[in-house]
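Work through the exercises below with the structure open. Each task is followed by a stepwise solution.

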Amino acid sequence: MRLISIISVLYILVLTSCNPIDSNKLFSKMPSGHTGIKFKNLVVETDELNILTYGYIYNGGGVAVGDINNDGLMDLYFTGSMVGSRLYLNKGDFKFEEIAEKAGVFAEGLWNTGTAMADVNGDGLVDIYVCRSAAKDAPKRKNLLFINNGDLTFTEKANEYGLDDSGYSTEANFFDYDKDGDLDVFVLNHSVQPYSSFRNTSKELRSEYIPEYADRLYRNDNGKFTDVSSEAGIISSVLGFGLSVSVGDINDDNWPDMYISNDFHEHDFLYLNNGDGTFTESLKKYMGHTSYFSMGSDVADINGDGKLDIVTLDMLPEGNFRQKMVLGPDNYDKYDFLVKSDFHHQYMRNMLHINNGSSFSEVGQLSGIHATDWSWAPLLTDLDNDGLTDLFVTNGLKRDYTNMDFMNFAVQKRLEEMDSGVEMAIKDLLKEIPSSIEENYAYKNLGHLKFEKETTAWGLGGKSLSSGAAYVDLDNDGDYDLVVNNMDEEAFIYRNNSEKITQNNYLKIQLKGKDKNTLAIGSKIIVEADTLKLQHELYTSRGFQSSVDPSIIFGLGKVGTIGELKVIWPDGSITQKNNIAVNQTLQLDQNEATAQENTVGEIAALFTEITQDSLVTFNHKENRFIDFERELLLPHMLSTQGPKLAVSDVNGDGLKDIYIGGAQGQPGKMFLKKANGSYISSSETIFDQDRKFEDIGAVFFDANGDAQPDLYVVSGGNEYDALPGNYTDRLYINLGNGQFKNSSNQLPKMSFSGSCAVVGDVDGDGDQDLFIGGRLQPGKYPMAPNSQILLNDGKGNFSDASESILGENSNLGMVNDAVFTDFNADGTQDLIVVGEFTPVIFLANKNGKLVPETPEGLTNSEGWWNTITPIDVDNDGDMDYALGNFGQNSQLKASAEEPVTLYADDFDDNGSIDPILCCYLGGKNHPVFSKDDIGSQLAYLKSKYINFSDYASHTVSEILGEESLARAQKFEAHTFKTSILRNNGNGFTLEALPVEAQFAPIYAMVPFDIEGDGDTDLMLFGNFFDTRVKFGRYDANHGLVLTNDGNGRFTALEQTKTGMNITGQVRDAKFIDDSTFLVAQNNGPLLVFKTNSTNEK
């Protein structure tokens, strides 16, 4: 017997040594031989059921977490598509016993999708809800509700409870939407294959209702669930393909709201709870754009500001090869059709929506989490217990029917079938569809909205077909482990080793609710510890088709004591504790709550929008011109650059008057302010005569020396050909009573698309000269016209002195803005110029000539600069400058080592410029364009690259050839950061402004002492919508206020404190008096804001 025992021990040791558990990384993948969890979601295609007949066949199953026997250990339930579901009882030490069949929850034979554990009947025992789909027969799709009997068995009672929904269900989310003390449920259903086609997408179909496809909200009426969807305002149509429903108090009014992720063409829904049993769908009001094919979603406070942010997943791959394999033509017409059909702006990538209070800023590209391939479940939680919310993403699809080579193959086979009359066998066609088997993603939150991919470093690497996932503390050690449901592979159980690897502190909280909401679903928990302020809302259905651990774990980093813990229970009562020790589990009971939550009064905002009350009204109406139809490879349109503002007292009455430029076909407008605050329009006939021009720049200045402000207006845009008279700047001379006459005959003959006019005394003769920035050559991007210096004879007659003053430096590139300033402190007016693909250009005034000069310390300053504004940020008496750039919230990433590059040449010898924009992915420089797009411009590439896979792996030098690139003009951008150009006295340095300043392109920067402390603060405005569909709108700036600490270090104010919520494309902003400023929008109304402060600008 002793020998047998020794042999048995040795055998176990051998097995263990052959399959060791690596504990040297943050996560250890636990072998099924140890855990006993061998669930594998197997899916087998047939001629009747496959990816071509049921598009969601490979969506996979879900995971539900809950303590079914109240032994303090979390148990696991996995749903299977074609296989029975499995229930694993946690025995401790990552060992589980499978009990599904004897517990009565096996649920085999039908198609199971999402699952959730919740105490549905409020008896203190966790029940299991299973969603079903796929089957054509409605009875086979009925969802299941397994009621816990308390003895490790369950009884199916969905029909009894009214929850046997027979729709095509994806998942369910249990929460108390009406706050009556019991759990209601939202069941998310989806439409079927024919309605996923673009051919069947129309505004009319959004009102077509079929019950099987409809989302449903069920109200719990004393244990019987009632469908209240229609009366509650829930939208359902045949175009709804719901894949995720996330719940949280989005607008911070203490009522639970819902975010619905919709696949295909229907946009997502944001349901705000009205508190009266109804919801209002508010997506367009709060969000500028969403994911196109929205998959899973989650809500959490990403940036520690106490507001819930939202993440949604899509299908954009990370690497160049995969991107090029799934991206077809950049179909602007399709995008435009959907928007005009009342669908929202949608783009194929992951989104991270940061909650501003009254709007969201989408910053997924800035944060670096926008591309994770065909993704399913996002889980927002602190994986390393450092106090910051990380992100885990599951990934993979067994049949990637979006693969462009397969799509071409399928089309070709269809043509052959039509010719031969012989159809290809389904099984043969299926074999041609490649898999997208990729690794899951783990992102570490670095703070300041930046994430870093740590998949491999954290022990989560390896390719798989993963779907539903959950976080759960399986071993009660104070960190979240991960559970992943896989297709064709055993489920993953990842043990979190934070207690050994990071040794960060934590606090674990378990809540006991009252009445029928026994888990206190809907509670808010707030922890304040040292510099940390953490918040979590308890809703367990998260990610995709799954529900997570109802215990809440707060990672605390190295914080040793918790100053305050507050629980706001669903009924509004609170529990508060102070000075709490770390590394423990607190169990809190709602019945012991002793106080009601005090409401906090609204804090007065800095600014109030008074546009509706203002007596100055103007609506910029951009003419419709699609630049991409003439120039296929433009990175963005060039015809939407206005309007600009000019402000001055033109009639000598001591009040500031306004000029705002018009679009092509719309005259600019002069507004004269009256003593009663009203405005009257002036010189309408004069400006109407020039309505053919697109006004891009405008400036008041004294042209003729009569001490009255005259007006110069720059013509620009991209609509016309570059023929004489199409782009004519104008000079309007002030007649002395607020009336103007067109005196453009006092200008030299010139016609080019310009950007700006800035005023300075170049030649030192005491009058005001002009620099006119050359922006573009229409139809020839990125070629730019020469910029010009116009010398004033003192009487308002101007001559072109560009050759004598600028010389060979007249072509400064695609100029956007400039400023005359004495940057070298020699007493003369120098010039700084910025533009697209230009460095910050310094032109020193040397005896009346403007000579290029590179200041000490300024290198690699090439960017996509939009504006420059003088500002003394550090109160040292010399002038610094604020520079508005493209920002960092884009797929285009620019750095000194890996610049965004553009090669321009007539590569195909057809007489037109071919602009090939490139960026680095994976350390190599690739064109940003799909094979279809670049082939449309360079037809010879179609025969060079027959297959998408041939094109997808190549760099720009391999595609175009080294010799061709050597002949081409090369443009580079090394930085896209909106920055301060700090004057160090002996040189300049670029210093990036805070991350909030990088959310979108910045076009207007307004210095203003907001706090009245003598330090000059900044307001920043921007956004740009007219981009390639691949890139999407840049709309995350809603008006930003940066406060200055006096040393030029800036901090962003929350939007709720500023009072601004601008959703349009701002092109300019200016004060018109000490307390009122204007914001000019492209294709939108002129906005008026009043300051609620007595500080002067």
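**Exercise 1.** Show that Arg624 and Asp336 form a salt bridge, using the distance between their closest N and O atoms.

*Solution.* The model is predicted. Start with the cut-off: the side-chain nitrogen of Lys or Arg must lie within 4 Å of a carboxyl oxygen of Asp or Glu. Next, take the distance: the closest N and O atoms of Arg624 and Asp336 are 2.9 Å apart. The pair forms a salt bridge. Now place the partners. Domain 1 covers 12-400 + 435-508, and domain 2 covers 607-896 + 974-1091. The count between these two domains is 3 salt bridges. Polar contacts between them number 21 residue pairs, both residues at pLDDT 80 or more.

**Exercise 2.** Which elements each supply at least two residues of the side of domain 1 that touches domain 2?

*Solution.* List them: helix 8 (332-340), strand 23 (360-362) and helix 9 (364-367).

**Exercise 3.** How much area do domain 1 and domain 2 bury between them?

*Solution.* First, count the contacts: 32 residues of domain 1 meet 28 residues of domain 2. Second, take the area: about 2,400 Å² is buried, 49% of it on carbon and sulfur atoms. Third, find the main contributors in domain 1. Asp330, Tyr332 and Gln365 lose the most area to domain 2, together 26% of what that side buries. Last, check the spacing: the C-alpha centres of domain 1 and domain 2 lie 47 Å apart.

Key: Residues numbered from 1 in each chain as written. Predicted model: local features only at pLDDT ≥ 70, side-chain atom pairs only at ≥ 80, totals over all residues. Heavy atoms only, no water. Domains from an automatic or database assignment. Contact = heavy atoms within 4.5 Å. Buried area = accessible area lost by both parts, 1.4 Å probe. Polar contact = N/O pair within 3.5 Å; in protein donor to acceptor, adjacent residues only side chain to side chain. Helix = DSSP H or I, 4+ residues; strand = E, 2+ residues; numbered from the N terminus.
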